[in-house]
Amino acid sequence: FKDIHIGSIIKEKWEKSSMTVTEFAEKINYHRTSVYYIFDNKTIDIELLITISEVLNYDFIHEIYFKQVSKYFSEKIILHIELDKQYYESLNLNPEKHKDTEKK
């Protein structure tokens with residue numbers, strides 16, 4: 001998650017909306033100047049993120065954080081498969097050959 005800059009993503013989604021900064025600030029119960037602080041921040045309070053998600057009609061939690069978690073676990077699974085392959089190769093066993101002999 002260290003590569004995610006949530007403030008930039010919020011700003012990008014806000015820019016696609018038709019709201020002014022003042023309107024956006026009012027809807028999230030913040031001062032106008034504080035909105036720029038949100039845009040500049042790399043992290044955010046989860047309750048504020050939920051409010052912003054509702055105001056901008058965009059599910060930041062699902063679209064960003066869950067995708068990052070999925071990506072993380074996908075990378076771990078790929079690594080595990082590669083390690084299994086290396087293990088079989090180190091034993092001079094080919095897992096595909098082994099599957100063929102099991103079918104016979």
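A polar contact, as the term is used here, is a pair of N or O atoms within 3.5 Å, where inside a protein one atom must be able to donate a hydrogen and the other to accept it. Keep that in mind as we walk through this structure, which is a predicted model.

Now look along H4 itself, which spans residues 46-56. Which of its residues are buried? They are Leu48, Leu49, Ile52, Ser53 and Leu56. Look down the helix axis and these buried residues sit within an arc of 145 degrees, so they line one face of H4. Turn to the face pointing away from that buried side and you'll find the exposed residues Glu47 and Glu54.

Ser53 deserves a stop of its own. This serine belongs to H4, and its relative accessibility is 12%. What does its side chain reach? The answer is the backbone nitrogen of Phe60, at 3.5 Å. If you skip the neighbours within four places in sequence, Ser53 is in contact with Tyr58, Asp59 and Phe60.

Just past the end of H4 comes Asn57, with a positive phi of about 55 degrees. Asn57 is a residue other than glycine, positive phi and all. You'll find Asn57 in the loop between H4 and helix H5, the latter running over residues 60-90. Is Asn57 buried or exposed? With 73% relative accessibility, Asn57 counts as exposed.

Go back along the chain and there's another asparagine to look at. Asn29 isn't a glycine, but its phi is positive too, at about 60 degrees. Asn29 lies in the loop between helix H2 (21-27) and helix H3 (32-40). Its relative accessible area is 69%, so Asn29 is exposed.

The protein chain has a mean pLDDT of 79, and 60% of its residues reach 70 or more.

Terms used. Residues numbered from 1 in each chain as written. Predicted model: local features only at pLDDT ≥ 70, side-chain atom pairs only at ≥ 80, totals over all residues. Heavy atoms only, no water. Buried < 20%, exposed > 50% of the residue type's maximum accessible area, 1.4 Å probe, protein only. Helix = DSSP H or I, 4+ residues; strand = E, 2+ residues; numbered from the N terminus. Arc of directions from axis to C-beta. Contact = heavy atoms within 4.5 Å. pLDDT = per-residue confidence, 0-100.
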